[in-house]
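Please consult the sequence and structure shown here while reading.

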Amino acid sequence: MSKARRPATIVASAGTRGDPGYGSVSPPVWTSDTYRWPDSDTKPTYDYSRTVNPNRDLLSEALAELEGAAGGAVTGSGQSAALLALLLLPAGALVVAPHDCYGGTFRLIKGLEAQGKLRALFVDQNDERALAEALDRGPALVWIETPSNPLLRIVDIAACAAAAKAAGALVVADNTLLTPCRQRPLDLGCDLVMHSTTKALNGHSDLFGGALLAADPELVERIHWWANAAGLSASAQDAAQTLRGLRTLPLRIDRQEATAKRLAGWLEEQEGVLELHYPGLDTFPGKKLAERQQQGPGFMISFRVKGGEAATHGFLAALETITLASSLGGYATLICKPSTMTHRGMPPEAQAEAGIHGDLLRLSVGLEEAEDLAADLERGFAAAGQGG
Ligand code: PLP
């Protein structure tokens, strides 16, 4: 039996021995911004909360164990974790990112490029030639996001990371959509893994957070240095609340994924679906690769509604249980129209190139019963004028 602990054990026991003061099993929230020094020349482990905080440490230790990392920083949002990764790079560095990455990542990289802080190349990382050409240009960082958001395209992490490292680049994977319960990018050769903990890791849609973790202790040091220097750290309250949410992550993922599998099978039968994307389906082009590098297909589905954008509006207006909102990974099933919501930071040309059309919907499957969700989607298809 492997010595590495399983996710359920990691999250259930995280921090239960973390209170040196009173031995409380449920760790307290250390909200103090500052800590008493024993004397002016002896720096205590915890001195100032922007730099270091016990609640962030408990959370980052649990996340690091889940991801097989040496450590990392817990930040105020997924975007600040992304910025932290970019702060590790020298000025003017080339970043190679997927052409269909999360819209906020695209906006951040493009914004920094417009200011001359870095250079960017967005490529289809499944196009071997395009990726090889991009790597020939000597990137400092290769950004991987798989499954991609919103089309759930799968990139071969091991192959992409090996090629990127041979070209001298650092490799970061955004693992938000699958969580370490379904994919561990560091095991597949990435240097860094980032998360929007806002999503499934917290799972309760009630805070913002992020994390950047690394396998190499020297990289972990640089991450901490920049998180402190740039003030990107999460608050103690948010870190404590995220650890509380994290405790049920494996249970939630199992249930959300089981429901997503059933819904994807149901959607496959629906007349009103123009195109369906779910890594667990036999018809999904990346299924074999997903089976190789993931421990399950996950809880995200996307599909195009027959009848175009107008029919899509009708579909969304008819939903009663599923909420129209732009986040993912929480207890409630959310639907969004990426072209005008999550990916509005991406200009129409870039959206078209990435395959994000006005009739595309993205579903983050939550904890409701599959039958109730299917009934709601059926209402949507009826309103879209397609029958169900
Ligand atoms: N990465 C992915 C894949 C996301 O979906 C998101 C947010 O939707 C982010 C990063 C950014 O995270 P946050 O909203 O916590 O800043």
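## The largest pocket

Domain 1 (7–246) and domain 2 (249–383) each supply at least three residues to the lining of the largest pocket. The model is a predicted one. The volume of this pocket is about 470 Å³, and 25 residues line it. Those nearest its centre are Gln79, Tyr102, Ser196, Lys199 and Ser326. Two or more lining residues come from each of α3 (78–87), α4 (103–114) and β6 (192–196).

By class, the lining of the largest pocket consists of seven nonpolar, twelve polar and six charged residues.

## The second largest pocket

The second largest pocket holds about 290 Å³. Its lining comprises 13 residues, and Pro20, Trp30, Tyr35, Arg36 and Tyr46 are the closest to the pocket centre. Seven residues of this lining are nonpolar, four are polar and two are charged.

## Surroundings of the ligand

There are 15 residues around the ligand, and Gly78, Asp174, Ser196, Thr198 and Lys199 come nearest. Ser196 and Lys199 are also among the residues nearest the centre of the largest pocket.

For threonine 198, an N or O atom of the side chain is 2.6 Å from an oxygen atom of the ligand. For serine 196, the distance from a polar side-chain atom to a ligand oxygen atom is 2.8 Å, and for asparagine 149 the corresponding value is 3.2 Å. The ligand taken alone exposes 390 Å², of which the protein buries 95%.

## Enclosed cavities

Across the whole structure, a search finds two cavities of 30 Å³ or more. The largest cavity has a volume of about 60 Å³. Its lining is made up of Pro98, His99, Asp100, Val123, Asp124, Gln125, Asn126, Glu145, Ser148, Arg153 and Val155. These divide into three nonpolar, four polar and four charged residues.

The second largest cavity contains about 30 Å³ of space. Pro147, Leu152, Leu177, Leu178, Pro297, Gly298, Phe299 and Met300 line this cavity. Seven of its lining residues are nonpolar and one is polar, with no charged residues. The second largest cavity lies between domain 1 (7–246) and domain 2 (249–383), because both domains give residues to its lining.

Methods. Residues are numbered from 1 along each chain as its sequence is written. This is a predicted model: local features need pLDDT of at least 70, side-chain atom pairs count only at pLDDT 80 or more; totals for chains, interfaces and linings use all residues. Side-chain values use heavy atoms; hydrogens and water are left out. On a 1 Å grid over the protein atoms alone, a cavity is a set of points where a 1.4 Å probe fits but cannot get out, and a pocket is an open set with protein on both sides within 12 Å along at least five of seven lines; lining residues have an atom within 4 Å of a point. Grid points are joined across faces, edges and corners, and a volume is the space filled by probe spheres set on the points. Helices (H or I, at least four residues) and strands (E, at least two) are DSSP runs, numbered from the N terminus. Ala, Val, Leu, Ile, Met, Phe, Trp, Tyr, Cys and Pro count as nonpolar, Asp, Glu, Lys and Arg as charged, and the others, Gly among them, as polar. Domain bounds come from an automatic or database domain assignment. A residue is near a molecule or strand if one of its heavy atoms lies within 4 Å of it. A polar contact is a pair of N or O atoms within 3.5 Å; within protein, one must be able to donate a hydrogen and the other to accept it, and residues adjacent in sequence count only if both atoms are side-chain atoms. Accessible areas come from the Shrake-Rupley method with a 1.4 Å probe; for residues, only the protein chains shown count as cover.
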